[in-house]
Amino acid sequence: MRAAGAELLPDGRSGLRIHGWVIESPKRSILTSLQLEKWEEQLQTSHLPEMVFGDNSLVLKHVNTGTKIHFNAFDALVG
């Protein structure tokens, strides 16, 4: 990736910077049973998997314009 001009993000953050973009993918633990119940209530379902990595996400940010695209599990399930 370095040959393509990429560099890792500082401070142990999970991601990289390349061609004016910052791509970050924070990884967290699975939802607790209480959090999972809350999601099921909000989503009006009882069919979520036992393990949902609800706080994981993918963030694409264009540095010059500040344009940001954020993907997360909850919004994906809503959609």
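1. Phe53 is partly exposed, at a relative accessible area of 42%; the term covers values between buried (under 20% relative accessible area) and exposed (over 50%), using a 1.4 Å probe and protein chains only. Phe53 sits in the loop between α1 (33-43) and β4 (57-62). Helices (H or I, at least four residues) and strands (E, at least two) are DSSP runs, numbered from the N terminus.

2. This is a predicted model, in which local features need pLDDT of at least 70 and side-chain atom pairs count only at pLDDT 80 or more, while totals for chains, interfaces and linings use all residues. Residues are numbered from 1 along each chain as its sequence is written, and side-chain values use heavy atoms, with hydrogens and water left out.

3. Phe53 also belongs to a nonpolar surface patch of about 290 Å², made together with Ile30 and Met51. Patches consist of residues with over 30% relative accessible area and no salt bridge; nonpolar side chains (Val, Leu, Ile, Met, Phe, Trp, Tyr) are joined within 5 Å, and like charges within 9 Å. The accessible areas come from the Shrake-Rupley method with a 1.4 Å probe, and for residues only the protein chains shown count as cover.

4. Which residues make up the largest nonpolar core? Its 6 residues are Leu31, Leu36, Trp39, Leu43, Leu48 and Val52. A nonpolar core is a set of buried Ala, Val, Leu, Ile, Met, Phe, Trp, Tyr and Cys residues joined through side-chain atoms within 4.5 Å. In soluble globular proteins, nonpolar side chains tend to be buried together.

5. Leu43, one of the core residues, touches Leu48, Phe74, Leu77 and Val78, when residues up to four places away in sequence are not counted. Contact here means heavy atoms within 4.5 Å.

6. The salt bridges number 2, each defined as a side-chain nitrogen of Lys or Arg within 4 Å of a carboxyl oxygen of Asp or Glu. One of them joins Glu7 to Arg17, with the closest N and O atoms 3.8 Å apart. Glu7 lies in strand β1 and Arg17 in strand β2, so this pair ties together parts that are 10 residues apart in sequence. Glu7 is partly exposed at 46%, and Arg17 is partly exposed at 33%.

7. Arg13 and Glu24 also meet through their side chains in a salt bridge, at 3.1 Å from N to O. Arg13 is in the loop between β1 and β2 and Glu24 in strand β3, so parts 11 residues apart in sequence are tied together.

8. Gly5 lies in the segment before β1 (7-8) and is partly exposed, with a relative accessible area of 45%. Gly5 touches Arg17 and Ile18, not counting residues up to four places away in sequence. Between Gly5 and Ile30 there are 25 residues of separation in sequence and 33 Å in space, C-alpha to C-alpha.

9. Two backbone angles deserve a look. His19 is not a glycine, yet has a positive phi of about 45°. His19 is placed in the loop between β2 (15-18) and β3 (21-24) and counts as exposed at 64% relative accessibility. Gln44 has a positive phi of about 55°, and is not a glycine either. The place of Gln44 is the loop between α1 and β4, where Gln44 is exposed at 76% relative accessibility.
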